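The points below are grouped by topic and can be followed alongside the display.

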Amino acid sequence: MDVFAVPGLPEVRPGDDLAALVKERTDLRDDDVLVVASTVVSKAEGRLADLEDFPAGPRAREIADRLASISGDEKDPRFAQAVLEESTELLMEAPFLLTATKFGHIGVNAGIDRSNVGGDADLLLLPERPSESAARIREALRADPGVVVTDTCGRPFRHGQRGVAIGWDGVPASRDWRGETDRDGHELAVTVESVVDELASAANLVTGEGDDGLPVAVVRDWEFGDHGGSENLYRDVDGDFVRQALRGWEFAGH
Ligand code: GDP
Ligand code: MN
Ligand code: MN
């Protein structure tokens with residue numbers, strides 16, 4: 001399989017037609033997967049905001065004060081307010097904000113970016129419904145590839161960030177290996193491979209994190225193969241024991 005970045009994309013602005021910008025610069029095939037950084041999806045969708053749009057309530061001020069006393073740096077309570085407004089559940093409030101977004105993704109600061117924001121806005125919010133964004137992009141292309149919208153996220157247990165899928169369309173979220181056999185003939189009982197995350201990580205290797213200007217990658221000649229698929233990436237709270245454990249956890253200092 002090949003993974004290559006779409007060259008020459010401009011700074012994306014609110015109202016831009018992302019699919020048209022991509023179409024002009026690359027010939028897509030039906031069996032490609034187009035992987036798009038949420039940064040540019042958000043910019044095109046006008047998900048830019050200013051801190052002054054989020055007057056801080058008491059909860060946000062309390063959170064910011066606590067984060068400031070832990071880090072020794074000033075923390076803008078309006079940023080905490082923005083994170084709260086983008087979220088349905090606050091899973092950790094110290095030593096950083098970990099929240100569940102409205103569309104199911106769990107991330108630090110609700111995925112709100114303060115880098116590569118462009119223009120004079122302070123904040124870039126994640127797309128409201130990234131899988132719908134992916135579907136819209138897919139519909140507006142000439143070919144019919146899968147589309148994955150990504151963000152760069154940290155993870156528990158390991159250092160370093162990597163690309164993950166936050167929205168997808170035209171490609172199953174997962175490849176279901178259950179019921180298939182390993183080399184010893186044993187039936188696989190639990191393996192459901194999150195292919196959209198793997199595609200996101202592969203694409204992130206060529207898009208970079210800084211000033212590369214390469215927000216869109218094409219994955220070519222990758223095959224899903226003859227497997228079952230599943231659309232579901234986000235666990236239900238009922239079956240998410242790590243999330244449940246966090247509900248009873250309190251930060252007690254470094
Ligand atoms: P995120 O992972 O979705 O939060 O996005 P990043 O900030 O890591 O950016 C991913 C890639 O897109 C990097 O190569 C950036 O330089 C690039 N990028 C971000 N915004 C734009 C834009 O408006 N136009 C172009 N051409 N590249 C951008
Ligand atoms: Mn981001
Ligand atoms: Mn990134």
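**A buried alanine and its surroundings**

Ala-217 is buried, with a relative accessible area of 0%. The model described here is predicted.

- Not counting residues up to four places away in sequence, Ala-217 touches Val-3, Phe-4, Ala-5, Val-6, Val-33, Leu-34, Val-35, Ala-203, Val-206 and Thr-207.
- One of these contacts, Thr-207, is 10 residues from Ala-217 in sequence, and the two C-alpha atoms are 6.9 Å apart.
- Another, Val-35, is paired with Ala-217 of β12 as its bridge partner.
- Ala-217 counts as buried because its relative accessible area of 0% is under the 20% cut-off.

**The five-stranded sheet**

- An open sheet is built from five strands in the order β1-β12-β2-β8-β9, with mixed pairing.
- Its edge strands are β1 (2-5) and β9 (158-169), each of which pairs on one side only.
- On average, and with direction ignored, neighbouring strands of this sheet are turned by 30° against each other.
- Within it, strand β2 (residues 33-37) pairs with strand β12 (residues 216-220) in the antiparallel sense, over four bridges.
- Helix α5 (residues 130-139) packs on this sheet and touches β2, β8 and β9. The direction of α5 makes about 60° with that of β9.
- Helix α6 (residues 195-207) lies across β1, β2, β8, β9 and β12. The angle at which α6 runs to β9 is about 115°.

**The three-stranded sheet**

- A further open sheet has three strands in the order β4-β5-β6, and the pairing is antiparallel.
- β4 (87-92) and β6 are the edge strands, each pairing on one side only.
- From one strand to the next, the twist averages 30°.
- Four bridges join β4 and strand β5 (residues 98-101) in the antiparallel sense.
- Ser-87 stands opposite Thr-101, which is in β5.

**The manganese site**

- Which residues coordinate the manganese ion (ligand 2)? They are Asp-113 (OD) and Asp-151 (OD), at 2.1 to 2.2 Å.
- The pair links distant parts of the chain, 38 residues apart. Asp-113 sits in the loop between β6 (106-108) and β7 (123-124), while Asp-151 sits in strand β8 (residues 146-155).
- Asp-113 is partly exposed, with a relative accessible area of 22%.
- Asp-151 is buried, with a relative accessible area of 7%.
- The manganese ion (ligand 2) and the manganese ion (ligand 3) are 5.3 Å apart.

**The chain as a whole**

- The protein chain contains seven helices and 13 strands.
- A compact globule of 254 residues would have a radius of gyration near 18 Å, and the 19 Å of the protein chain agrees with this.
- The C-alpha trace spans about 50 × 50 × 25 Å along its principal axes.
- Of the 254 residues, 43% count as buried.
- Among contacts between residues at least 6 apart in sequence, 64% join residues at least 24 apart.
- The protein chain exposes about 13,700 Å², of which carbon and sulfur atoms supply 46%.

Conventions: Residues are numbered from 1 along each chain as its sequence is written. Chains are lettered from A and ligands numbered from 1 in the order in which they are written. This is a predicted model: local features need pLDDT of at least 70, side-chain atom pairs count only at pLDDT 80 or more; totals for chains, interfaces and linings use all residues. Side-chain values use heavy atoms; hydrogens and water are left out. Donors are N, O and S atoms within 2.8 Å of the metal (3.2 Å for Na, K and Ca); water is not among the atoms, so sites may look incomplete. Helices (H or I, at least four residues) and strands (E, at least two) are DSSP runs, numbered from the N terminus. Buried means under 20% relative accessible area, exposed over 50%, partly exposed in between (1.4 Å probe, protein chains only). Two strands pair if DSSP finds at least two bridges between them. Axes are lines fitted to C-alpha atoms, for helices over the stretch in contact, and angles run from 0 to 180 degrees between N-to-C directions. Contact means heavy atoms within 4.5 Å. The radius of gyration is taken over C-alpha atoms; the globule rule is 2.2 Å times the number of residues to the power 0.38. Accessible areas come from the Shrake-Rupley method with a 1.4 Å probe; for residues, only the protein chains shown count as cover.
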